[in-house]
Each structure stands twice: as structure tokens, then as C-alpha cells.
Amino acid sequence: MCQRNKFKIALCQTLVEDNKEANINRALKFIEEAADNGAKVISLGEMFNCPYRNDVFKEYAEEEDNSNTLEMLSSIAKKKGVYIIGGSIPEKEGKKYYNTSYIFDREGKIIAKHRKIHLFDIDIKGKVKMKESDTFDYGENITVFDTQYCKIGVAICYDIRFPEVFRIMVQKGVKLIIVPAAFNNVTGPAHWEILVRCRAVDNQVYFGAVSPARNENESYLAYGHSIISDPFGKILGELEEKESILYCDVDLDYVEKVRNELPILKHRRLDLSKI
Ligand SMILES: NC(=O)CCC(=O)C(=O)O
């Protein structure tokens, strides 16, 4: 019998190389393995089908109604009867490009899509520099969707640094948040774990962040370290930098227990802010 308040999730940390077909096939293999091991909600990392580089985003970009990547995700979601959070891919719509996560239900239907709302335009002198807005346009929506288990929120990577996004998700009822992400060797060691734990504790949710594996041949070295925190801020698992799958059992009763015992969401002084 399907138990709806307890379910397994899987975060697939796949290697990404400069070969879209190989990346798609690898993602497929990982999703199949995760589903065969009982995961019901499966996520990939940011840009799982494309190197994280401005010089290739447009070449790799796909349109929603003509996409090998989305066809693969849809058909494996249906075949295995699982929800898939399709990491992110470069999306093309008309003349515009977005860093987009597509979400599939158990019938393989797209039930939501998140276009990254905060683009990673940073310059940490001599260490890491990126300007996503050279390629991408900004998404305009905070993304929450229903599943048979609970409401889930999805954001992408740099979005994690903006706490108001996640508070809005919680106001909309989410109990699990997944963030496909590709931090790097500079900001990863400094901020990755603390951001995940803060967002989990602030919002009393299960919070997973899913990276690509590190590819030493690439200019942008992904941090890896896919990770999940429970609603009390306990890290339930964290990978290293290599390819692997991180599994975690989500217990929705535990979310309620934490929210009842430490009722910070009820204790908010909304009367003192205009939010
Ligand atoms: N791909 C990204 O948005 C990277 C974000 C990041 O590394 C950060 O420190 O924030």
C-alpha cells in the first residue's frame, strides 16, 4: 500500500561533460537506478545536460515542444511512475533563454516549471566570476506544485540565497523544497551547508540541494556535495564531489511535529512588517 506521509526521495549527482547525449543518457541511468531503489521523487542537478558555461548555453538550449531532454524525462517518469524534478536545462523560447527546471508527474506530464529568478552575476576577484545574465533572462515566478505526498517547492541554485522566496513557498504550504544547484569551489565550502540548514530551519521543511558531480576538465568546478537537511536542521546525508545518488526518507509527520513543538511559523510578527 502506498503510504503518503512517508516517502523516499533521491538526489542524482551526475557528471556533466561537453556531450549532451552522454549527459542525457547518464541522467536516465541514474533516474532508473533511483526509481528501482524505491525513490518516489527524484531530482537532478542544475544544468545536468549542459556544461555550466555561457559559451555553450545557447548551443545546448532546447524548446519545450522540441526537446530530447524533456522527452527522456517524461518517458522515464511515466515508465517508473515517479515524480521527476528535472534539475535544470537551458531553455529557449522565441529569442529568449532561461535556466529552467521542468517538473514531471507520475504520468510523465509537465506539472510545473521554474525559471531561475536570481541570475548568478558575481565576481569574487581572482577566484570565481560568472555572468548568467549574458545569456539568460530572469524567471518571474516562485514555483510550488502539488504531488500525492505534499506540496513541493523548487528554486535554482543562486535563488537559495534569497530567503523570502522560501518563506513564500512555505506560506503556500510546502513541506519539501528541492534546489538543483551548481555551487563552486569557492562559495561551496563557505556557504553551501549553512544555506541549506538555514533554509530548512527557518521554514521547518525538508530541504535538498542537488549538484552535478565535479568535472575536473571543466573551467567551472562544481562543488558537488548534494545534501539534504531535515526540518530541525539535521543533515541527513551529503555526498562528496563524485557521481552518486543521495537517498533520504521524508516523514511528513515529523514536519508537523517540529512545527508544533517549535511553532516559529505561528509566532511570526507579521504585524511589524509589510510582507
Ligand atoms: N549556479 C549558481 O547559481 C551558482 C551559485 C553559487 O555558487 C553561489 O555561491 O550562490
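Gly38 follows helix α1 in this predicted model. The phi of Gly38 is positive, near 100 degrees. Helix α1 itself covers residues 20-36, 17 residues in total. From the first C-alpha to the last, α1 reaches 24 Å. This is close to the 24 Å expected at 1.5 Å a residue.

Seven names make up the buried set of α1: Asn23, Arg26, Ala27, Phe30, Ile31, Ala34 and Ala35. Viewed down the axis of α1, these buried residues fall within an arc of 165 degrees, so they line one face of the helix. The face turned away from this buried side carries Glu21 and Asp36, both exposed. The packing partners of the buried residues come from several elements. Among the strands, they pack against β1 (6-13), β2 (41-43), β3 (83-85) and β15 (244-251). Helix α3 (68-80) is also a partner.

A separate part of the description concerns an open sheet of six strands. The strand order is β9-β10-β11-β12-β13-β14, and the pairing is mixed. Strands β9 (143-146) and β14 (235-238) form the edges, and each pairs on one side only. From one strand to the next, the twist averages 15 degrees. Strands of a sheet pair through backbone hydrogen bonds, in either a parallel or an antiparallel manner. Strands β12 (residues 206-210) and β13 (residues 227-229) run antiparallel and are joined by three bridges. Within this pair, Gly208 stands opposite Ile228 of β13.

Two helices are placed against these strands. Helix α5 (residues 187-203) packs on the sheet and touches β11, β12 and β13. The direction of α5 makes about 30 degrees with that of β13. Helix α4 (residues 163-171) lies across β9, β10 (151-154) and β11 (174-180). Relative to β11, α4 runs at about 145 degrees.

Lys257 belongs to helix α6, which spans residues 252-261. Lys257 has 14 C-beta neighbours inside 10 Å. A residue counts as buried at 20 or more such neighbours and as exposed at 12 or fewer. Lys257 therefore counts as partly exposed. Glu21, by contrast, is one of the exposed residues of α1. Lys257 and Glu21 are 236 residues apart in sequence. In space, their C-alpha atoms are 44 Å apart.

Notes: Residues numbered from 1 in each chain as written. Predicted model: local features only at pLDDT ≥ 70, side-chain atom pairs only at ≥ 80, totals over all residues. Pairing = 2+ DSSP bridges. Helix = DSSP H or I, 4+ residues; strand = E, 2+ residues; numbered from the N terminus. Axes fitted to C-alpha atoms, helices over the stretch in contact; angles between N-to-C directions. Contact = placed C-beta atoms within 7 Å. Expected span 1.5 Å × (residues − 1). Arc of directions from axis to C-beta.
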